[in-house]
Amino acid sequence: MAEDFHGIRTLAIDIGGSGLKMLVLDEAGTPITERSRKPTPKQGTPENVLAVLKKQITGQGSFDRVSVGFPGVVVDGVAHKAVNLDPGWDGFDIAKALTGITGKPVRVANDADVQGLGVIDGKGVELVITLGTGIGTALYVDGHSVPNLEFGHHPFSKDRTYEECLGNTALKKAGDAKWNKRLKNAIRIWDRVFNYHMLYLGGGNARKISFQLPANTRKVPNIAGLLGGIALWRV
Ligand code: BGC
């Protein structure tokens, strides 16, 4: 447990559209604290989210560095767009703000990119799709991704995007059966377009999948969004 570990500790944070999650990882990326989860504030402004994170962080004990998965475009620690949080994040320097709070170095990446780093095997073409409030996408070749792919905002059906058809709002509106049918179609398209050797489906709504997945498709646990945080410090 945390008290017995004397190496470098990484606080991994996953900022989600509905939950703010965190835990501390040892150097091998194994959790050494219990995962904490708080609801994302309804008004998901940087100020409101950071106020919750600040309190949550105090419950995680000591750490040396921080990794963050953010549900939007991130370049050099700065957020550029987060459609499911708040427009106030556009241009907000997340790394700087969290260093201000923690006094530690902070690395930030798109949440799907981080989740992917927690599940891929690093060989050939691998696609990661997260099914949550929004649709996160990350594509890897031999373990390297083009950051901020944002394929969830591409058109899918009748001028609606993947996120508009498969995101949480769409799931609630359409119901499980219709949503599953759509996802099955989407997987068929992704397979044809990307020719990956493996597709990983993560995010909170992956548990709603009720059809038999193709052999090259695997469900992954949502905790990967935190476990992948260790990889941000390997590059
Ligand atoms: C955002 C992505 C994010 C995804 C999952 C989308 O709306 O544009 O950046 O990865 O939601 O949180």
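A polar contact, as I use the term today, is a pair of N or O atoms within 3.5 Å; within protein, one must be able to donate a hydrogen and the other to accept it, and residues adjacent in sequence count only if both atoms are side-chain atoms. With that in place, a polar side-chain atom of Asn-110 lies 2.9 Å from an oxygen atom of the ligand.

The model is predicted: local features need pLDDT of at least 70, side-chain atom pairs count only at pLDDT 80 or more, and totals for chains, interfaces and linings use all residues. Numbering runs from 1 along each chain as its sequence is written, and side-chain values use heavy atoms, with hydrogens and water left out.

Let me continue with the ligand. For Glu-150, a side-chain N or O atom is 2.3 Å from a ligand oxygen atom. At Gly-72, a backbone N or O atom lies 3.4 Å from an oxygen atom of the ligand. Taken alone, the ligand exposes 310 Å², of which the protein buries 93%; these areas come from the Shrake-Rupley method with a 1.4 Å probe.

I turn now to the domains, whose bounds come from an automatic or database domain assignment. That assignment gives domain 1 (10-114 + 226-233) and domain 2 (120-219). Their centres, taken over C-alpha atoms, are separated by 23 Å. In contact terms (heavy atoms within 4.5 Å), 11 residues of domain 1 meet 15 residues of domain 2.
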